[in-house]
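Here's a quick tour of a few spots worth a look in the viewer. Have the structure open as you read.

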Amino acid sequence: MSQLRTVQVLGGGAGSSAHVVSLAAGLVARGVQVTVCAPAGADRGHDFPATGARFVAVPRRSDPAAVAALRAACAGADVVHAHGLHAAVRTGLALSGRSTPLVVTWRARAHTEGARRRLLHLLERRAARAAAVVLGTSSDLVDRARRRGARDARLAPAAIPAGPSPVAGQDGKARVELGAVGRPLLVSVGSLLPHHGFGTLLDAARVWRGLDPVPLLVIVGEGQERAALQRRITDEQLPVLLAGSRDDTVEILAAADLAVLTCGGESPPPTAAHEALRLGVPLVAATSGGPAELAGDAAERVPSGDAEALVSAVVRLLGDRERRERLVAAGLVQAAGWPTEDDTIAHVLSVYDELAQPLATVRT
């Protein structure tokens, strides 16, 4: 059987690019011929040629010239794999009239309103219907693809590389620097965006002011909601610190008494959830989406947007050391069973082989 030829198409997102670097290296090691198509300059931040893949710079636009360039790059491929919604739409246009099967991976769910929401809905329909298989990194994305008309939507194992381990003894230093000595430290990590639930966290923090000692909530991350959140913190005198983007996020998480993640619909699962369980930090997570699927029974679950339930869960855990210890033990077991990069590559390759077999039969 001839060597399998694949083209990986990227829109330029950092998360997808890192995934494709790992995927390309694994596929090449298994004898697959890989071409990576991405916007010019993407190869500087992610060294695709070092994986053994061929790199082709293709504009991210959907104008005829850009689509024609992508169509030429995909000529002769057995399977084309687009990563992300916009890459999928452009690739669907480029493959129009060809029998080359298209695989699409959705790794994140966009949040928009009004006219942009309607446009997003249209793009999702086009991407889902153009694909032979849609791979979703969480069940909510798989369900979304099916609602948009996907012929075949499947849950794909998504490996999350472990971050660096904290330096021994640094947790006490982190607590001192953050002002959390002699009081519980709660840590939340994520982009400060309207749909990420930080408003709910501040609602809960307003109630936590009545506890003795008063917990300190540290939010690590940046985003468009920072100014609005800071105004609330100042006006309501909330025990909350916006720490911004940090290089020592792992150390801050390792020092926490609890990690709190309120964005239930975010996909893929936030790295913070992965790191909290890996580090042995009890986790409170929203009941739906990425964090809940990642944690399984190793997290205290609360409904998304329910500040009262969040307050109750945190107060209950802070007062129940045995429950925290059980969550830590369950989290370490859960982390040991997460998909590896080899699992992810093997799954993708099985999809490619499944789609390429009918074409090989026709050609012979």
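Contact here means heavy atoms within 4.5 Å, and the elements are DSSP runs numbered from the N terminus: helices are H or I with at least four residues, strands are E with at least two.

A word on the ground rules: this is a predicted model, where local features need pLDDT of at least 70, side-chain atom pairs count only at pLDDT 80 or more, and totals for chains, interfaces and linings use all residues. Residues are numbered from 1 along each chain as its sequence is written, and side-chain values use heavy atoms, with hydrogens and water left out.

Now for the packing against α4. The two helices, α3 and α4, meet at about 75 degrees with axes 8 Å apart, and are therefore roughly perpendicular to each other. Axes are lines fitted to C-alpha atoms, for helices over the stretch in contact, and angles run from 0 to 180 degrees between N-to-C directions; 65 to 115 degrees counts as roughly perpendicular. V67, L70 and R71 of α3 make the contact with R90, T91, L93 and A94 of α4.

**T262 in its loop**

T262 lies in the loop between β11 (258-261) and α11 (271-279). With 11% relative accessibility, T262 counts as buried. Leaving out residues up to four places away in sequence, T262 touches H196, G197, F198, L201, A286, S304 and L310.

| T262 side chain to | Distance |
|---|---|
| backbone oxygen of H196 | 3.2 Å |
| backbone oxygen of G197 | 3.1 Å |

**E325 on α14**

Finally, E325 is found in helix α14 (residues 321-336) and, at 44% relative accessibility, counts as partly exposed. E325 and P282 are 43 residues apart in sequence, with their C-alpha atoms 7.7 Å apart in space.

Notes: Buried < 20%, exposed > 50% of the residue type's maximum accessible area, 1.4 Å probe, protein only. Polar contact = N/O pair within 3.5 Å; in protein donor to acceptor, adjacent residues only side chain to side chain. Parallel < 35°, antiparallel > 145°, perpendicular 65-115°, else oblique.
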